[in-house]
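Hello,

Here is the structure I promised to pass on to you. Have a look at it first, and then read on for what turned up in it.

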Amino acid sequence: MKDSFLSLDAFTAAVGAGLAGDEVDEAEVSVGFLTQQGVRHSGRGRSYRNHVLSLRVEDAVGSCAVEPGVLSDELVIDCVGASVGRLLRHPEPAVRIAAADAYLMSRHPHHEHAEEVRLRRGTSLQKSLQRADIVVGMVPDHVRRVLVIGVVNSLLHQLRRRGIDYVACDFKGGVTEWDEPIARDAMAEVDGCDAVLASGMVAGNDTFEPLLAHVRAAGKPLVMFAQTASAVLPWFLGSGVTAISAEPYPFFWLDGGAGSLYRYLGPRNSEPGKDIR
């Protein structure tokens, strides 16, 4: 079972085999939907977009971000009424992640396992900066240069405010709010950084495992800010992931009211390369 925590495919297979309860073939998806969002915070010069698949199982909604156009409406509708067990074997990785996320959140809700941190009501920028302050606060004090995977300018703003250097990385490339170039290949940049701050989106785009292997071998902190797979990634605490800001649906950018995220602070692996779970 220990090796299940080193790979998402092996982990979702373990969930299907009863890791978090043996009701996976009875639990069904009641609601499935795609959220397509574009945003430019007031006062900011750049915009971005998100596409997110979400599946509801009982009282929990699990999510996985995808690239625009990857998922069809028909695929989403086909998930509705399907058992979690069947969707954990689905050929589309985003479906497997969203189904596992919803099921795990229903069986292990964040509020029972992590510290709740409240976000005050506010504009999209105010709430983005609040979240970024909490996420960056989870980066260990000794860190001087961070690889940021999944560029969120509010995170960069908080790193700059704390005097922490960073390398911004995102599949889409481009430039940051401060016209810094954004690298496209995280693994080409990670050696030059002494910590990693990664979006949960890495769980849905095949970049999580090599990143996990690197931080395990190097003993670097891996702090994650997760809307995608927020209930999946805590199972990797102690296996390379060191801290998580978990944010279940609806995400802060969808609602101006007060909300919550959940802070997991995992054990630091004192023996890099060795699984301690």
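Which residues point one way from strand 8, and which point the other way? Leu222, Met224 and Ala226 are on one side, while Val223 and Phe225 are on the other. In general, side chains in a regular strand alternate between the two faces of the sheet. Please keep in mind as you read that this is a predicted model.

Strand 8 covers residues 222-226 and is mostly covered, with five of its five residues buried. Its partner is strand 7 (residues 195-199): the two run parallel and are joined by four bridges. If you want a place to start looking, Val196 stands opposite Leu222 in strand 8.

After helix 7 comes Gly219, which has a positive phi near 70 degrees.

Is His214 buried or exposed? Its relative accessibility is 14%, so His214 counts as buried, the cut-off being under 20%. Leaving aside residues up to four places away in sequence, His214 touches Met187, Val190, Asp191 and Lys220.

Now to a pair of helices. Helix 5 (residues 124-136) packs against helix 6 (residues 153-161) at an angle of about 55 degrees, and their axes are 8 Å apart. That angle makes helix 5 oblique to helix 6. The crossing of the two is right-handed. On the helix 5 side, the residues that meet helix 6 are Leu125, Ser128, Leu129, Ala132, Asp133, Val135 and Val136. Helix 6 contributes Ser154, Leu155, His157, Gln158, Leu159 and Arg161. By type, the residues of this contact divide into seven nonpolar, four polar and two charged.

Finally, a stop in a loop. Asp22 sits between helix 1 and strand 1 (29-39). With a relative accessibility of 63%, Asp22 counts as exposed, because the cut-off for that is over 50%. Asp22 and Gly85 are 63 residues apart along the chain, and their C-alpha atoms are separated by 9.5 Å.

Happy exploring, and do write back with any questions.

Best wishes

Methods: Residues numbered from 1 in each chain as written. Predicted model: local features only at pLDDT ≥ 70, side-chain atom pairs only at ≥ 80, totals over all residues. Heavy atoms only, no water. Axes fitted to C-alpha atoms, helices over the stretch in contact; angles between N-to-C directions. Parallel < 35°, antiparallel > 145°, perpendicular 65-115°, else oblique. Left-handed = near helix turned anticlockwise from the far one by under 90°. Contact = heavy atoms within 4.5 Å. Nonpolar A, V, L, I, M, F, W, Y, C, P; charged D, E, K, R; others polar. Buried < 20%, exposed > 50% of the residue type's maximum accessible area, 1.4 Å probe, protein only. Pairing = 2+ DSSP bridges.
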